[in-house]
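Okay, thanks everyone for coming.

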Amino acid sequence: MERVNKIFNDNRYQEYLKLNESYETERKFCRHDLRHFMDVARIAYILVLENKINISKEVVYAAALLHDIGRWMQYSEGKPHDEGSADLAGDILDDSGFSKAEKEIILAAVRGHRAESEGSESFGSIFYRSDKLSRNCYSCSASKECNWKDEKKNLTIKY
Ligand SMILES: [Fe+2]
Ligand SMILES: [Fe+2]
């Protein structure tokens, strides 16, 4: 997991985490913080193993750590955070030792994480579902005001 830890310890990465935090201190809905990234990483890796997808643990964790890293840009300048996060992730991936092919898989997952893709067993679809499954709607005090439709909410424990 050396390369994943390189991402985590990258100065830019830490700065973007802090920026996300600074925009979400008063947020009552789900946050885009390290806890969320780790939840997504672990659920995505469970799903990769369950579905026997041939993709490395480092690639799964890299995508999870980076997928919302540009959320602050959505708050500050209205830039959709799937695009913003992919833009910020490229240089960090290059400097953390990921290959061109791995970078493509990771950036595709980051770019696609808001596009509904249920039902397929591709990594993109698994990653999309992991992001949603990470939210504990069944114990959320803001559930009534949340703009997720009831069908989308996680009302039972699955992962
Ligand atoms: Fe997101
Ligand atoms: Fe997310």
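Before I start, one definition: a residue counts as buried if 20 or more other C-beta atoms lie within 10 Å of its own, exposed if 12 or fewer, and partly exposed in between. And keep in mind that this is a predicted model.

Which residues of α7 are buried? They are Ile105, Ile106, Leu107, Ala109 and Val110. The elements that these buried residues pack against are α4, α6 and α8. As for the helix itself, α7 has 12 residues, and from its first C-alpha to its last it reaches 16 Å, close to the 16 Å you'd expect at 1.5 Å a residue.

Now find Glu102, which also sits in helix α7. Glu102 has 18 C-beta neighbours inside 10 Å, so it counts as partly exposed. Here's something to click on: Glu102 and Ser56 are 46 residues apart along the chain, and their C-alpha atoms are separated by 9.3 Å.

Okay, the core. A general point to begin with: in soluble globular proteins, nonpolar side chains tend to be buried together. In this model, the largest nonpolar core has 37 residues. Which of them touch the most other members? That would be Ala44, Ala62, Ala63, Leu66, Ala89 and Ile106. As for where the core comes from, at least two residues are supplied by each of α2 (11-23), α3 (34-50), α4 (57-66), α5 (71-77), α6 (81-95), α7 (100-111) and α8 (123-133). The largest share is from α4, with 8 residues.

If you leave aside its neighbours within four places in sequence, Ala63 is in contact with Ile106, Ala109, Val110 and Phe127.

Next up, helix pairs. Two packed helices are described by the angle between their axes and the distance between the axes. Take α6 and α7: they pack at an angle of about 160°, with axes 8 Å apart. Angles over 145 degrees count as roughly antiparallel, so α6 and α7 are roughly antiparallel to each other. Which residues make that contact? On the α6 side we have Asp82, Glu83, Ser85, Ala86, Ala89, Gly90 and Leu93, and on the α7 side Lys103, Ile106, Leu107, Val110 and Arg111. The way α6 passes α7 is a right-handed crossing.

The other pair is helix α1, residues 2-9, with α4. Their packing angle is about 15°, and the axes are 9 Å apart. That angle makes α1 roughly parallel to α4. Here too the crossing is right-handed, as α1 passes α4. From α1 you have Arg3, Val4, Ile7 and Phe8, meeting Glu58, Tyr61, Ala62, Leu65 and Leu66 in α4.

On to α3. How far apart are its end C-alpha atoms? They are 24 Å apart, and that agrees with the 24 Å that its 17 residues should span at 1.5 Å a residue. Its buried residues are Phe37, Val40, Ala41, Ile43, Ala44, Leu47 and Val48. Look at the spacing with this in mind: an α-helix has 3.6 residues a turn, so residues three or four places apart point the same way. The cover over the buried residues of α3 includes α4 and α8.

Lys52 lies in the loop between α3 and α4. Is Lys52 buried or exposed? It has 7 C-beta neighbours inside 10 Å, so Lys52 counts as exposed.

Glu26 is in the loop between α2 and α3, and with 5 C-beta neighbours inside 10 Å it counts as exposed. Its C-alpha is separated by 17 Å from that of Asn147, 121 residues apart along the chain.

Then there's Lys79, in the loop between α5 and α6. Lys79 is partly exposed, because 16 other C-beta atoms lie within 10 Å. Aside from its neighbours within four places in sequence, Lys79 is in contact with Met73, Gln74 and Gly84.

That's my tour, so over to you.

Methods: Residues are numbered from 1 along each chain as its sequence is written. Chains are lettered from A and ligands numbered from 1 in the order in which they are written. This is a predicted model: local features need pLDDT of at least 70, side-chain atom pairs count only at pLDDT 80 or more; totals for chains, interfaces and linings use all residues. A nonpolar core is a set of buried Ala, Val, Leu, Ile, Met, Phe, Trp, Tyr and Cys residues joined through C-beta atoms within 7 Å. Helices (H or I, at least four residues) and strands (E, at least two) are DSSP runs, numbered from the N terminus. Two residues are in contact if their C-beta atoms, placed from the backbone, lie within 7 Å. The expected span of a helix is 1.5 Å times one less than its number of residues. Axes are lines fitted to C-alpha atoms, for helices over the stretch in contact, and angles run from 0 to 180 degrees between N-to-C directions. Angles under 35 degrees count as roughly parallel, over 145 as roughly antiparallel, 65 to 115 as roughly perpendicular and the rest as oblique. A crossing is left-handed if the near helix is turned anticlockwise from the far one by less than a right angle, and right-handed if clockwise.
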